Amino acid sequence: MSGASAIRRVLWLAFGSFAVDGFVAPLRAGNLPSTQLFHSCDRRAYVAASGSLVGFWALQGPEPARAKSIPDGQGGKAGQLADLVPIVQLQRQVEQAGTFLKAGQITDALALLRREPALRSRKSFDELFDRYSERVSAKTRAMNSAAFITYYEEVRYSDTRLEDKEPTKQALQYQRRNEAYLALDNLLAELEYLQTEASASASVDAADARKYGKEAAEALKEYLALAPQEDVEKARALAAGK
């Protein structure tokens with residue numbers, strides 16, 4: 001960490017301590033930050049909170065680039081059948097690649113996965129799932145935006161009422177999506193390596209590739225288990241052209 005970055009973080013800690021009562025207290029009471037926030041907490045505490053956040057943004061410098069898979073306001077409604085079909089199609093492709101691997105057909109497995117549009121980049125993969133998945137709630141966005149302050153509040157008062165008691169459906173969907181991507185990324189890298197090795201050797205060990213393929217198939221299966229099974233069956237029929 002650079003000296004300037006360290007200074008910014010120390011100053012942010014100082015600013016953050018003033019923001020707790022003004023920003024997080026309304027959250028603890030069940031009120032999300034809104035135009036009513038000013039009326040739900042002490043005026044001076046709110047001013048301190050606002051100043052701390054402004055100071056933090058100023059000290060942080062330029063905002064780092066973050067790729068959003070689904071821009072705000074453009075995601076449409078979650079849970080639509082049409083958005084589930086391509087996920088089911090991806091599952092079929094992964095299962096077919098697994099069949100190729102069991103038969104030692106490395107080139108066929110690699111060619112099949114290379115043709116899958118969702119595997120061309122992380123962004124395209126995330127978009128495929130995020131169009132169907134539950135959207136991030138207003139509460140979660142608010143907590144993420146004030147992550148340090150929320151954490152400070154929880155430690156200071158031993159108050160974890162803002163935390164979900166069980167993982168939300170949205171959190172589970174995103175977790176399965178990320179697990180599937182990691183496994184498929186590892187699988188593609190392994191297949192590329194095996195194809196190179198196969199050209200220089202009569203035999204290759206595809207055990208790792210089969211393991212990654214199994215992990216990807218399991219993550220996709222668990223993702224689809226979170227969807228209404230009636231919709232999954234309809235999506236399978238549409239993917240099969242029935």
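Notebook: helices and their contacts

I began with the contacts in the protein that have a separation of 6 or more: 78% of them are between residues 24 or more positions apart. I note here that the model is predicted.

Next I looked up the overall make-up. I found 11 helices and 0 strands in the protein. Reading along the sequence, I wrote the pattern down as α-α-α-α-α-α-α-α-α-α-α. I also looked up burial: of the 242 residues, 34% count as buried.

Entry on H5 and H9.
I looked at helix H5, residues 106-114, against helix H9, residues 169-198. The two pack at an angle of about 140°, and their axes are 10 Å apart. I asked myself what to call an angle like that. Angles over 145 degrees count as roughly antiparallel, and H5 and H9 are therefore oblique to each other. I recorded their crossing as left-handed.
Then I listed who meets whom. From H5 I have Ile106, Thr107, Ala109, Leu110, Leu113 and Arg114. On the H9 side they meet Leu187, Leu188, Leu191, Glu192, Leu194 and Gln195. I sorted the residues of this contact into 8 nonpolar, 2 polar and 2 charged.

Entry on H4 and H6.
I moved on to helix H4, residues 81-102, and helix H6, residues 122-130. Their axes come within 8 Å and cross at roughly 125°. That angle makes H4 oblique to H6.
In H4 I noted Asp83, Pro86, Ile87 and Leu90, which meet Phe125, Leu128 and Phe129 in H6. By type, the residues of the contact of H4 with H6 are 6 nonpolar, no polar and 1 charged.

Entry on H11.
I reminded myself of the general rule: an α-helix has 3.6 residues a turn, so residues three or four places apart point the same way.
Last, I checked what comes after the helix. H11 is followed by glycine 241, and the phi of this glycine is positive, near 75°.

How values were computed:
Residues are numbered from 1 along each chain as its sequence is written. This is a predicted model: local features need pLDDT of at least 70, side-chain atom pairs count only at pLDDT 80 or more; totals for chains, interfaces and linings use all residues. Side-chain values use heavy atoms; hydrogens and water are left out. Axes are lines fitted to C-alpha atoms, for helices over the stretch in contact, and angles run from 0 to 180 degrees between N-to-C directions. Helices (H or I, at least four residues) and strands (E, at least two) are DSSP runs, numbered from the N terminus. Angles under 35 degrees count as roughly parallel, over 145 as roughly antiparallel, 65 to 115 as roughly perpendicular and the rest as oblique. A crossing is left-handed if the near helix is turned anticlockwise from the far one by less than a right angle, and right-handed if clockwise. Contact means heavy atoms within 4.5 Å. Ala, Val, Leu, Ile, Met, Phe, Trp, Tyr, Cys and Pro count as nonpolar, Asp, Glu, Lys and Arg as charged, and the others, Gly among them, as polar. Buried means under 20% relative accessible area, exposed over 50%, partly exposed in between (1.4 Å probe, protein chains only).
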